[in-house]
Amino acid sequence: MRVVFAGTPEFAAVALRQLHAARCEIPLVLTQPDRPAGRGMKLQASPVKAFSQAEGIPVAQPRGLRLDGKYADDAAAARAALIAARPDVMVVAAYGLILPAWVLELPRLGCLNIHASLLPRWRGAAPIHRAIEAGDAQTGITVMQMDAGLDTGDMLLAEPVVIRPDDTTASLHDRLAELGGRLIVEALELAACGGLKPQRQPTEGITYAHKIDKAEAAIDWRQGAAAIERRLRAFDPFPGAAGVLAGETLKVWRAEPCAGAGRPGEVLTVGEAGIEVACGEGALRLIELQRPGGRRLPAAAFLQGHRVAPGMAFDTPAD
């Protein structure tokens, strides 16, 4: 089949590489426009664009796809490119633009989306982060037939993945990306012989994975230790979780719940094993931290250059 691919970050690039390795015919790739990145804020191609260019696959980067929208010229050019590509199907993975009806209807077999959760749980923008933050025991990949709703289409294939106790968004992302690539290749093989069996999503168990806001990075020590520890892992690598101690914002990357009690945010003990801080329920031992402009450091190394003493207290964020 002729497969048009739409995606932007590394999660999508993994799937594109697997489709390419499976010798799918890919006449066109859609990805987001280049964005400023790094210290110099130079324009940087997305991982999907970088791979496509290396393999000689044509790339389009419309700023929008609505023919009557702000970027109508971009949308019209993208429409012409899609028509010329004559796709049997479009595969979509973390593209970043809403697909209007004309896109969904253009390929003969429609648009298939690789979604990083077991739908209908965690529809939306940040399913990996929210699954870890919520303490879910498992998540997975769902390949679905896209429709006009937000991740509401019929499910075509799904496979679960266990969330490990030490999983961060980064580590879970990598396993899900590999699984997503494998499942979309399998889905296209089934589609080629009419073997896909769409299933409607259940009407119960629907949750939404709202986009991560940088403001969520502030650690609220009034929460329980277990909930804070999950959030640290959910926000690794972005946006990170941070607390303010003695006027300095410190990022906390790794921690573990421990016994202890005190005023939320109060430093209880300090040692090579970590900095124990009282929470709304229990305490948290901070074992990897980072100062502004510095590197991630184990607690023992962090304490060599930064004074922390029992009785000090992290600020509690305003409600």
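## Terms and basis of the model

A residue is called buried when its relative accessible area is under 20%, exposed when that area is over 50%, and partly exposed in between, as found with a 1.4 Å probe and protein chains only. Arg23, with a relative accessible area of 77%, is therefore exposed.

The model is predicted, so local features need pLDDT of at least 70 and side-chain atom pairs count only at pLDDT 80 or more, whereas totals for chains, interfaces and linings use all residues. Residues are numbered from 1 along each chain as its sequence is written, and side-chain values use heavy atoms, with hydrogens and water left out.

## Overall architecture

The protein chain contains eight helices and 17 strands. Helices (H or I, at least four residues) and strands (E, at least two) are DSSP runs, numbered from the N terminus. The C-alpha trace of the protein chain spans about 70 × 45 × 35 Å along its principal axes. Of the 319 residues of the protein chain, 49% count as buried.

One pair of residues gives a sense of distance within the model. The C-alpha atoms of Leu106 and Pro292 are separated by 49 Å, and these residues are 186 residues apart along the chain. Leu106 lies in the loop between α4 and β7, and its relative accessible area of 26% makes Leu106 partly exposed.

## Packing of two helices

Helix α1 (residues 10–21) packs with helix α6 (residues 169–192) at an angle of about 40 degrees, their axes being 8 Å apart. Here axes are lines fitted to C-alpha atoms, for helices over the stretch in contact, and angles run from 0 to 180 degrees between N-to-C directions.

The helices α1 and α6 are therefore oblique to each other. Under the terms used, angles under 35 degrees count as roughly parallel, over 145 as roughly antiparallel, 65 to 115 as roughly perpendicular, and the rest as oblique. The crossing of α1 past α6 is right-handed: a crossing is right-handed if the near helix is turned clockwise from the far one by less than a right angle, and left-handed if anticlockwise.

## Backbone features in loops

The bond from Leu119 to Pro120 is cis, with omega near 15 degrees, and Pro120 lies in the loop between β7 (111–115) and β8 (123–124). Asp236 and Pro237 are also joined by a cis peptide bond, with omega about 20 degrees; Pro237 belongs to the loop between α7 (225–234) and β12 (241–245).

Positive phi values are found at Arg23 and Ala94. Arg23 is not a glycine, yet its phi is positive, at about 65 degrees; this residue sits in the loop between α1 and β2 (25–30). Ala94, also not a glycine, has a positive phi of about 50 degrees. The position of Ala94 is in the loop between β6 (89–93) and α4 (101–105), and Ala94 counts as partly exposed because its relative accessibility is 40%.

## Salt bridges

Side chains of opposite charge can pair when their charged atoms come close. A salt bridge is defined as a side-chain nitrogen of Lys or Arg within 4 Å of a carboxyl oxygen of Asp or Glu. The structure holds 21 salt bridges. One of them joins the side chains of Glu10 and Arg17 (2.5 Å, N to O). Glu10 is partly exposed at 33% relative accessibility, and Arg17 is partly exposed with a relative accessible area of 33%.

Arg182 and Glu159 also meet in a salt bridge (2.7 Å, N to O). This pair links distant parts of the chain, 23 residues apart, with Arg182 in helix α6 and Glu159 in strand β10 (residues 155–162). Arg182 is partly exposed at 39%, and Glu159 is partly exposed at 27%. In the salt bridge of Arg285 with Glu276, the closest N and O atoms are 2.9 Å apart. Arg285 is buried, with a relative accessible area of 18%, and Glu276 is buried at 15%. A network of salt bridges links Arg130, Glu133, Glu216 and Arg231.
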